[in-house]
Amino acid sequence: MENKTKSGFIAMAGKPNVGKSTLINSLMGQKIVITSNKPQTTRNKINCIYTEDNYQMIFVDTPGIHKPLHKLGEYMVDIAVNSLNGVDIVLFVLESTHMPTEEDERVYTIVRKSKIPYLCVINKTDRKKEEVINHIKSSDYVKNEKCLGVIETSAINGENTEELKNKIKEILPFGPMYYPEDTITDRPSRFLISELIREKIFNLTSQEVPHSSGVVIEDLKTRENGMLYVRAYIYMERESQKGIIIGKNGQMIKEIGQLARKDIEDLFEMPVFLDLHVKVKKNWRESDFLIRNTMEFKNDIKK
Ligand SMILES: Nc1nc2c(ncn2[C@@H]2O[C@H](COP(=O)(O)OP(=O)(O)O)[C@@H](O)[C@H]2O)c(=O)[nH]1
Ligand SMILES: [Mg+2]
């Protein structure tokens, strides 16, 4: 039938740093999820929704399947496989810069056991090694009967991501539009904003500093002049870390604020006033304080 829509859930599977989040942003055509060259940047699950007239793709960054499964116990694998329940297509993401590692092999075990149709995505072709591509193309990853194709991409410059989207569209099942057409994520604005701020901390600081940071959006409202007002607190565990975030003469927090503001403006397509503060809260990661504050969004953007 002509007017049937196609839709489905597409899970990203790949070891840390292969470019899953960058790929999602490239497929979406805008930056929604945060990326960094440090592992474990993605703390929370987020669905990104891409809608066209006759189809809807829901990209799922499922943290369960990227966790390093230190001991490849059957139990751990089962949990990871279960986290793919209900997904229509898996994107098994590999890197073209080096031969597959043990970590890739673990992810493959999960993808294979799930028995869900998948596409092999060989990413980072801007730095590719031909022998790696050839190796992957002749491996079980591609020969498996559930593998519906292999594609080389560069998520960072968008090479072949349109083609990838077309391939996904081909294999997407017929189904309803799950979300309203203007929805781009299942997460509230507060979450997206706190993530963008957290990303700057990840990219500008090092060692334990990024992992010790948490961001809470204290206030979020549109003002009459059409500006989005954001008040955010960065929580750190120690005074010394607070000092690093503020930086010499406030340079660091200024930079975090400027970069975050730019991304928030791009995402919301409106001018943003970002009022950024740093606080120390010992062991916040062990309390449910921040979890509660960043996860419960009783009121999203207030007018
Ligand atoms: N050169 C290159 N770098 C990439 C590409 N895709 C992602 N990256 C970089 O790889 C790092 C990890 O990317 P990210 O999307 O956060 O990986 P994830 O952990 O799989 O979500 C970041 O520094 C990205 O900028 C690519 O196609 N080419
Ligand atoms: Mg990620």
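A backbone N or O atom of A155 lies 2.9 Å from an oxygen atom of ligand 1, a polar contact being a pair of N or O atoms within 3.5 Å. Taken alone, the ligand exposes 580 Å², of which the protein buries 86% (Shrake-Rupley areas, 1.4 Å probe). The model is predicted, local features need pLDDT of at least 70, and side-chain atom pairs count only at pLDDT 80 or more, while totals for chains, interfaces and linings use all residues. Residues are numbered from 1 along each chain as written, chains are lettered from A and ligands numbered from 1 in written order, and side-chain values use heavy atoms, without hydrogens or water.

Two further contacts reach oxygen atoms of ligand 1. A polar backbone atom of S36 is 3.2 Å away. A polar side-chain atom of K124 also lies at 3.2 Å. In total, 17 residues surround the ligand (a heavy atom within 4 Å). The closest are N17, K20, T22, D126 and A155. Helix α1 (residues 20-28) gives the most to this shell, with three residues.

An open sheet has the strand order β7-β8-β9, with mixed pairing. Helices (H or I, at least four residues) and strands (E, at least two) are DSSP runs; paired strands share at least two bridges. Because β7 (214-222) and β9 (272-280) each have a single partner strand, one side of each is left without a neighbour in the sheet. Strand β8 (residues 228-236) pairs with β9 in the parallel sense over nine bridges. I234 stands opposite V278 in β9.

Methods:
Polar contact = N/O pair within 3.5 Å; in protein donor to acceptor, adjacent residues only side chain to side chain.
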